[in-house]
Amino acid sequence: MISNKKWGSVLTAAVLLMAPVSAVQAKSLAPAVIIAQAGDAEKMEGNDAGNPPFVPDHPTDAGEPAAEQSPQARDANQAAASSAVEEKQFRNLAAGLPYEWSEEPEASRPDVGYKLTDGKYGQFDMNDPAWVGHLRGKTREVVFDLGEEKSIGKITAHFFQDYPANSILVPLSVSMYVSDDKENWGLLSHNATQLLWGEGPPRQETFEWDGSRDGIKGGNTDGKLAYARYVKVAFYMHPTQWEYIDEIEIMGADGKIEGAVKVPAEQPHFLEPGEATAGIRNLNLLYNGHYADGLGDWNKERIIPNISYVNKDGEPVDWLFDGVLYLGIASPAGRDFGLGQANLDDWKWYLDKTFAASGDMQQLDEAVKEVGAKLNQPDYKLKVVLMIPSPGDSLTDFGDIDGSGSLNFNDSVVGKEKASENRGKAVQWWLDQARQRWQAANYSNLDLVGMYWMPEQIDITESGPDIARMVSDKVHAMNMKVFWIPHSYAYKMFMWKDVGFDAAALQPNYFFGGMDSDRLDDATNTAKRYGMGNEVEFDDGMLTDPVLRERFIEYLDSGVRSGLMQNGFRAYYQGNNAVYNLGVSQDPNLRLMYDWLYQYLNGTYAIDSSPAPETMTELVQRYVASNEIHSVFGNELSYRLQIIKLLLEQNKPKDAVTYMQDFLAHINDPAVQAQGLISASAATLLDTYAQVLIQTWSDGWGLSNLAQGLSYTISRPPNSNYPDSGNELTNGLFGGTDFRNEQWQGHAGSAYPEERSRTITFDLGRNKSIGVVRAHFLQDQGPGIYFPQNVAFSVSTNGQTWSTLATVSPPPAQDAASAEFVSWSGVADGVPGKAGADKVYARYVKVEFPVNVWVFLDEIEILGIDGKANGAVVLPPRR
C-alpha cells in the first residue's frame, strides 16, 4: 500500500527480493521494494517507467539452498537424488515426451516440441539452442500426458538467469500439479526462487518438488507419491524480462506403487467474503499517515462519500464500502512504517493522531453515525481494520516500551533470538495500545475486526515466515482477523495461509502503467491459484487522464469476467482522495466513474454500459426487476428513452437534450419519489447517465475541433516562467493538474488595470459553423492559481465587429487541484437572439477573461463543421 507508488521502472522488480517491500503497497508492475511513502497524494501508486533499472547485487541468502553455479554442480545435485527415489529406481517419465504450452515461446527462442524433454541442458549462454525463451504475458503453463496413470515422486524444472546483461530472470515462483483428466488439477507444491533476482554472472536454478521431502501440498493428502496421468508446471512471468527454461523432468515409475495416492483436485477460486474476511466484501483503504498537504487528515465531510453513495447534492442514498482500512505510510520525520524505519516515537505519533478526540477514527465514527441517521439505520456499524507497522530488522534503538531499555531488532547486534523476541514485544505493545485506545473511545458506530500487516511480501530472510506467523498469532489471540495486500511480485505470496493470514487481496499493479493489459487477467488468475482476492486500483490521476480512466474501467470489466465482482473479496487502493473527488465532481463523466464504482461494489456493474438511451433502458429494466422502480413507472421511463433514441437517429441532438432534461425532471420529482415509484439510488445513477448524455449532445456531438493546430494572437503574452511556444492552446495536449507541466501557460495579475485582462483571437480562415467554444483552465489554491472570474466568448465574420455568445462563470473552487472547461454550447445555451439556432456562422473567435491573480490555461477548442450547416446563423454585431 504505497503512498508514493512511483516505482522507478518495471525492471526495478528485480530489487524486490533484495530488500523488504514497503508497506506503502508496492504499486508497480514489478515490485520495486524501496519506495518510501512520504510523497504527494496525487502520485500514489504511480510508476515511473522512464527511470533506469537499479538492481543491487545480492548473493543467495544464507541458509537457503544455493542456486546452481555450473553444469557440473547441477549434475552432482541430480545424482544426489533422495533415498526414496533411489530405492524405487525411478526413471524420467517425461523423457522424449511431447507437451503443450499455454502460450508459445518467442519466435527467436523457439521450442520445436521436445526441447524440455530431450535431456539436453543449456550452458551459461543465452544463445545455447537448448534454451526456450518466454517474454511478457501471462503465467506460462506446460502440460505433459504420461499416457496412463503413473507413480510420480519428483518433478524438476530448470531455468537460467543472466541479469542485467541479457535481461533474463528466473521465475518468481513455479507451481506443480497433477490431474486425472487434464481439466481438474491437484496441487503438489508452490516453489519460490532461492536464487533471488539480482545482478551478476549467468546462473541457473532448479525448481523442485520432491514428494519424499515436501509431501503433497493440496487436498490435505498425507502422501509422498502422486498417482496421476497428467502433469502441469506453471511459472510466473516477469512483465518485461525474459525467462529461459531448458528441461523438465518427471521422476517416477510405471503403474501404481506402494504409497502412491490420488491428489484431490481443487478448483482455482477467489477468497470469498465471509468469516475469514470478518464479513467484509469491499475494503476501502484510507491513508492517514503524514502528508505535507494534509491529505492524511480525515474529516467527516471527506469521509461521507467514501462510506456512502451520495447523490449530486452530496446526500447519502445508500452505503458504499462495508469496510475501511486505516493505514499510514510515513511519519512526520519521513520514516516509513512499512519498511521497518519507524521508531517508537513514530508509532506513538500515529496512534495519537488516529485515536485523538477529534482524530481520524472519531471522524469516521461521526460520519457513519450521520449517514446511518439519514438512511434510517442508526445502529449500523462499519467494520474497521487498522495497520500494524513493521518493526523491521535493522533498528538498534527503537525505543523503550516498558522501562526495560530501548528495543534492538538487529540480528547481527543482539542475535536472532533476542531480535525476534524484541520484535514480538513491539508488535504486542502496538496491539495492546490499539485495543486500549479503541475501548477508551467507545465508538458507537464502528467495529474493529482486524489488523493489517504492512509488509507486502514474506520477508526473504530465513525467519521471514516465522515473523508473519508471530504477528498472526498475536492478532488471533485478540479474536481479530489478519489482512494482507501483497504486491504483484511478492515473495512467497502463496504462503499467506500457512503463516496465518486470514484475508489477502493481490495487487495487480496494472493501473500505474508499464504492464500489458493481460497482466490484469494474470493477476486474477494468480489470485485464484492462491485462493486470494484482488485489489482494485485507481487514484486521482484519473480525474484528468483519460488513459487512467480507461484502466480503471478495465479493472471493473476484468472483475466481471473473472467473477471477482460477483464472488471475491476486494480491497480498493484509491490514492488519497479519488473516491471523494469523483463523488463530488460536477463533471458528469467523472461522476459516472463514482456511479460505476458503486455498481461494482454491489455486483451490478455491467461491461459495455456506457451511457446511451439503450443502456439507460437496460438500467431501468434491471431496477424494475429489483423493485427499485415501479413497473408502470419503468414502462413510462423506457418510452421516453425510446423517443430520445429516435431523435438521435434523426440527428436532432438539441431536441434529444430537451427530452432528456424532461426525463431528469421526472425522475427527480419529489412527488414521484414520495410515492415510492423510484428509489433514491436508482434516481441518482440514472441522473448521472442523463447528465453525461446531455453534456455529450451539447458538447460538440458530431462536430470536430476547428482550432486544432491553429495559430492565435494573445493581447498580452503569458509570464516568462510559464510561456507559450506558439501552439500550446491548440495542440490537443492537456497539462493535468500539475501547474509545472509545460502544456500550461500562466498569466499573472498586475497592479495596473490595463494589464488585468487577456484576449485570445482565432482566425478560422473562412466562415464556418461553430457549435461549441471552450477554454480549459487550472485551479490550484496552494500556489495561488484560480479560475478566472468569468470568460467571454465572441464571434465575428470580419474580425472588426463582434457579437457576444456568452459570458460564463467557472465552477466553484475545490480544495484539491482541478482542471475544468469553461464553455459556450449552442445546443445547451442557445444562440443569443436566435430562437431554435444551435450554431453560429463566423470566421473569427475571441476568448476573453480577467487576470486578477494567476490564471493558467492549456487548451482552447472551437467545435464545429466546415461550411454552413442547418441551424447555423450569422449574428449581427453587438459591439
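A: We begin with pairing, where two strands count as paired if DSSP finds at least two bridges between them. Strands of a sheet pair through backbone hydrogen bonds, either parallel or antiparallel. In this predicted model, a closed barrel of eight strands runs in the order 11-14-15-16-17-18-19-20, with parallel pairing, and the twist from one strand to the next averages 30 degrees.

Q: How many bridges join strand 15 and strand 16?

A: These two strands pair in the parallel sense over seven bridges, and Lys-383 stands opposite Asp-447 in strand 16.

Q: Which strands does helix 9 lie across, and which of its residues are buried?

A: An α-helix has 3.6 residues a turn, so residues three or four places apart point the same way. Helix 9 lies across strand 15, strand 16 and strand 17, running at about 140 degrees to strand 17. Its buried residues include Ile-467, Ala-468, Val-471 and Val-475, and the buried residues of helix 9 pack against helix 8 as well as strands 15, 16 and 17.

Q: How should I describe the packing of helix 15 and helix 16?

A: Two packed helices are described by the angle between their axes and the distance between the axes. Here helix 15 (residues 613-625) and helix 16 (residues 631-649) pack at an angle of about 175 degrees, with axes 9 Å apart; angles over 145 degrees count as roughly antiparallel, and these two helices are therefore roughly antiparallel to each other. The residues of their contact divide into eight nonpolar, four polar and two charged.

Conventions: Residues are numbered from 1 along each chain as its sequence is written. This is a predicted model: local features need pLDDT of at least 70, side-chain atom pairs count only at pLDDT 80 or more; totals for chains, interfaces and linings use all residues. Side-chain values use heavy atoms; hydrogens and water are left out. Axes are lines fitted to C-alpha atoms, for helices over the stretch in contact, and angles run from 0 to 180 degrees between N-to-C directions. Helices (H or I, at least four residues) and strands (E, at least two) are DSSP runs, numbered from the N terminus. Angles under 35 degrees count as roughly parallel, over 145 as roughly antiparallel, 65 to 115 as roughly perpendicular and the rest as oblique. Ala, Val, Leu, Ile, Met, Phe, Trp, Tyr, Cys and Pro count as nonpolar, Asp, Glu, Lys and Arg as charged, and the others, Gly among them, as polar. Buried means under 20% relative accessible area, exposed over 50%, partly exposed in between (1.4 Å probe, protein chains only). Contact means heavy atoms within 4.5 Å.
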